[in-house]
Amino acid sequence: MNTQYTLSVFTEHSLGMISRLSAVLTRRRIAVESITACECEVPGICRYTLVISCTEEQARLAAQQLERQVEVFMAFAHADHQTVYREIGLYKVPLVPLNSTLELILRKHRASVVALESSFAVVEK
């Protein structure tokens, strides 16, 4: 039975990686629901998150095959029930008019400051 799995793939930053990842999944006849690509905290390392629809065995074998690619460091397959979802919002707030009330706003909305610059703050909620 096909269920949704999340593949997390850590690779070197190189051209054509998305097409290589999708080619491996296409050859295995695995349906890709979504792809997200971003740079990691480590410079030069990218993280690809792919949501796929397949069996558990297909997801495990696809992760193993992806790890054998030259530029791939690690690949993990997680079932939907093993994934924790969390939504956050990041807001860029100007500091000029809010200097005296910023702390009250943060406490009222249970938000925290992620970054603080001279003219603005980045707030996470």
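Apart from neighbours within four places in sequence, Leu7 is in contact with Leu25, Tyr48, Thr49, Leu50, Ile52, Ala59, Ala63, Leu66, Phe76 and Ala77, where contact means heavy atoms within 4.5 Å. The model is predicted: local features need pLDDT of at least 70 and side-chain atom pairs count only at pLDDT 80 or more, whereas totals for chains, interfaces and linings use all residues. Residues are numbered from 1 along each chain as its sequence is written, and side-chain values use heavy atoms, with hydrogens and water left out.

Leu7 is also one of the residues that touch the most other members of the largest nonpolar core, together with Val9, Leu50 and Ile52; this core has 20 residues. A nonpolar core is a set of buried Ala, Val, Leu, Ile, Met, Phe, Trp, Tyr and Cys residues joined through side-chain atoms within 4.5 Å. Buried denotes under 20% relative accessible area, exposed over 50%, and partly exposed the range in between, with a 1.4 Å probe and protein chains only. S1, H1, S3, H2 and strand S4 (72-79) each give two or more residues to the core, and S3 supplies the largest share, 5 residues. A second, separate core of 7 residues includes Leu95, Leu102, Ala111 and Ala121. In soluble globular proteins, nonpolar side chains tend to be buried together.

Helices (H or I, at least four residues) and strands (E, at least two) are DSSP runs, numbered from the N terminus. In helix H1 (residues 17-27), the buried residues are Met17, Leu21, Val24 and Leu25. These residues lie on the same side of H1, because they cover an arc of only 95 degrees around the axis; the arc is that of the directions from the helix axis to the C-beta atoms. The packing partners of the buried residues of H1 are strand S1 (3-12), strand S2 (31-39), strand S3 (45-54) and helix H2 (56-67).

Thr26 and Arg27 are exposed residues on the face of H1 turned away from its buried side. After H1 comes Arg29, with a positive phi near 60 degrees. Gln65 belongs to helix H2 and is buried, at a relative accessible area of 17%. Leaving aside neighbours within four places in sequence, Gln65 is in contact with Val24, Arg27 and Arg28.

Strands S2 and S3 run antiparallel and are joined by 8 bridges; two strands pair if DSSP finds at least two bridges between them. Their hairpin has 5 residues between the strands, and in this hairpin Gly44 takes a positive phi near 85 degrees. Cys38 stands opposite Arg47 in S3.

Cys38 is partly exposed, with a relative accessible area of 40%, whereas Cys40 counts as buried at 16% relative accessibility.

## The open sheet

An open sheet is formed by 3 strands in the order S5-S7-S6, with antiparallel pairing. Strand S5 (90-94) and strand S6 (112-116) are the edge strands, each pairing on one side only. Neighbouring strands of this sheet are turned by 30 degrees against each other on average, direction ignored. The axes are lines fitted to C-alpha atoms, for helices over the stretch in contact, and angles run from 0 to 180 degrees between N-to-C directions.

S5 is joined to strand S7 (residues 120-124) by 5 bridges, and the two run antiparallel. Phe120 in S7 is the bridge partner of Pro94.
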